[in-house]
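Please find below a short note on the structure, arranged as numbered points. It is intended to be read alongside the coordinates.

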Amino acid sequence: MSHATPIKSAPVIECAECALEEPDRRPTDWAAQAIAVETKNLSRAVVDKVLVRDISVQVQKGEVLAVVGPSGAGKSSFLRLLNRLDEATDGTVLLDGEDYRAIAPRELRRRIGMVMQMAYLFPGTVAGNIAFGPLQRHETMSQEQIEALLDRVGLPGYQGRDVSTLSGGEAQRVSLARTLANSPEVLLLDEPTSALDEASARGIEELVLGVIRERQMTCVIVTHDMQQAARIADRTIHLEAGKLVAIVPTNGVSHAG
Amino acid sequence: MAQAAGAVTLCLAVVLICRRFVVHVERETMLSLVRGLVQMVFVGMVLALLLHGNALVGILILLAMTFAAAVTASRRAQGLKDALLLCFYAIAAGAGVVIAGMLAIGTLSPAIAILVPVGSMIIANAMNACAQSIERFSSDVTAHVGQIEAGLALGAEPAVTVAPYVQSAVYASLLPRLDMLKSLGLVWIPGVMAGMMVSGASPIYAGIYQFILVAMILAASGIAGLLVTLFIRKRAFSAAAQLTLRPREPHKPKHASVDAQ
């Protein structure tokens, strides 16, 4: 299944224009990590606009990569290409060394989970939302499994709650738990805190960090907040007009465990 | 002609009353009256010429009507590939199954003077059901893109993510026909029944025949609405399970502000 490729030990600078603004502060054992996700000349153009332009980047297993840039820079468009919610017009993505077009979309999206800017919960109970992903593969989650996930995201006893009664922060926690129920290898986060107040945003951020650390997950997070990127990411990539212009080691927090 | 003149006079009187209340519909009413009269005289002439044709001629006329209905219904599905063809298939299947069934059990005579008017009623209702299904499904899907993509992102089949919108689209297309059936005889006495009674048929027989006709209209509409929704559901996603039926993007300024800190 896995075709992991050893990576370079030096800071990874994949584009000619990239400026290394700081020395690599990633823990030394990153070098020994395999590549979880690699984009190769990834591009997407719609009728009259190039959204993502020729992006090649490698994300190592267990690494947190932040994607920053101005509005309209193509951050979310880039993220949506990673789990194939949109189709690349050129280039591809390798997941564990395998071209993701060779993986059935449903299986690919189980392996690459995504939390969106808005929670987009399905009408019904919190438990129903959490069990949704496994149910698509005809797997039934036990009450204990659902409770354990809710405990982990800080919502004990919420399984019977109707989603319409949740606050924005609670809904986003359920959204995270719903994605985690699929046991993804890679977690994509599309500005998961941007619609929340400061306190809820910090809570979600800490929760995400904790979960990533526990599960040794690979994570790509889109954020407009450079400070947030610095707090949680190992490296940050800067996009402008769909183009990768810089890769900066940030490494504010170690996720190596 | 005197009767037509009487009907026109009554309409003109209403136009004058409207004008008194500063509602100006003079031009539109005149145009509609002239157009309606000319069209109906023309259709009458065509039918009079074809009256002695065989069932094959009748079927060809119904096919032409089905095509015209598909053109009208497909206008609700702009941007969807092969919309005209999909609407044609759905209307042809809905109306075709019902008309064939009625012919087979003898409810409908193959005589062109009966086949074409009754068939046209069934086709027209299948067309409306088709258009209503498309409209409802498209608007529901484009209003719930986030939720649908959340489902896709969790590994759901495309059909699962839009299942509630398929249900509501088919239901919405059937609702007017269900209301029609419920109010039959209580709120309105349809034209076929009225016509049969005027031409001397038994009111009970005319009533039963009208009921059969409305029930068949419901069946044809159900088939057409369901089929077109299923066809469009398939077209709403790419082969890689990506949602392609989306609202048109609003125009954005070329140089957006920088919000990175």
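Two strands are taken to pair if DSSP finds at least two bridges between them. The model discussed here is a predicted one.

1. The hairpin of chain A. Strand 9 (residues 235-240) of chain A pairs with strand 10 (residues 243-249) of chain A in the antiparallel sense, over 6 bridges. Within this pairing, His238(A) has Ala246(A) of strand 10 of chain A as its bridge partner. The hairpin has 2 residues between the strands, and Ala241(A) adopts a positive phi near 50° there.

2. Helices 3 and 5 of chain A. The axes of helix 3 of chain A and helix 5 (residues 168-180) of chain A are 7 Å apart, and the two helices pack at an angle of about 30°. Angles under 35 degrees count as roughly parallel, so helix 3 of chain A is roughly parallel to helix 5 of chain A. Helix 3 of chain A contributes Val126(A), Asn129(A), Ile130(A), Phe132(A) and Gly133(A) to the contact, while helix 5 of chain A contributes Val174(A), Ala177(A) and Arg178(A). By class, the residues of this contact comprise 5 nonpolar, 2 polar and 1 charged. The crossing of these two helices of chain A is right-handed.

3. The contact between the chains. Chain A supplies 29 residues to the contact and chain B supplies 22 residues. On the side of chain A that touches chain B, the elements giving two or more residues are helix 2 (105-111), helix 3 (126-136) and helix 7 (226-232) of chain A. Helix 2 of chain A gives the most to that side, with 4 residues. The side of chain A that touches chain B is made up of 11 nonpolar, 9 polar and 9 charged residues.

4. Domains of chain B. The domain assignment divides chain B into domain 1 (1-50) and domain 2 (54-235). Taken over C-alpha atoms, the centres of domain 1 of chain B and domain 2 of chain B are separated by 29 Å.

5. Helices 8 and 10 of chain B. Helix 8 (residues 163-182) of chain B and helix 10 (residues 203-235) of chain B cross at roughly 165°, and their axes come within 9 Å. Helix 8 of chain B is therefore roughly antiparallel to helix 10 of chain B. Their crossing is right-handed. Among the residues that meet are Val166(B), Ala169(B) and Leu181(B) in helix 8 of chain B, and Val214(B), Gly222(B) and Arg233(B) in helix 10 of chain B. The contact of helix 8 of chain B with helix 10 of chain B has 12 nonpolar, 5 polar and 2 charged residues.

Conventions: Residues numbered from 1 in each chain as written. Chains lettered and ligands numbered in written order. Predicted model: local features only at pLDDT ≥ 70, side-chain atom pairs only at ≥ 80, totals over all residues. Contact = placed C-beta atoms within 7 Å. Nonpolar A, V, L, I, M, F, W, Y, C, P; charged D, E, K, R; others polar. Domains from an automatic or database assignment. Axes fitted to C-alpha atoms, helices over the stretch in contact; angles between N-to-C directions. Parallel < 35°, antiparallel > 145°, perpendicular 65-115°, else oblique. Left-handed = near helix turned anticlockwise from the far one by under 90°.
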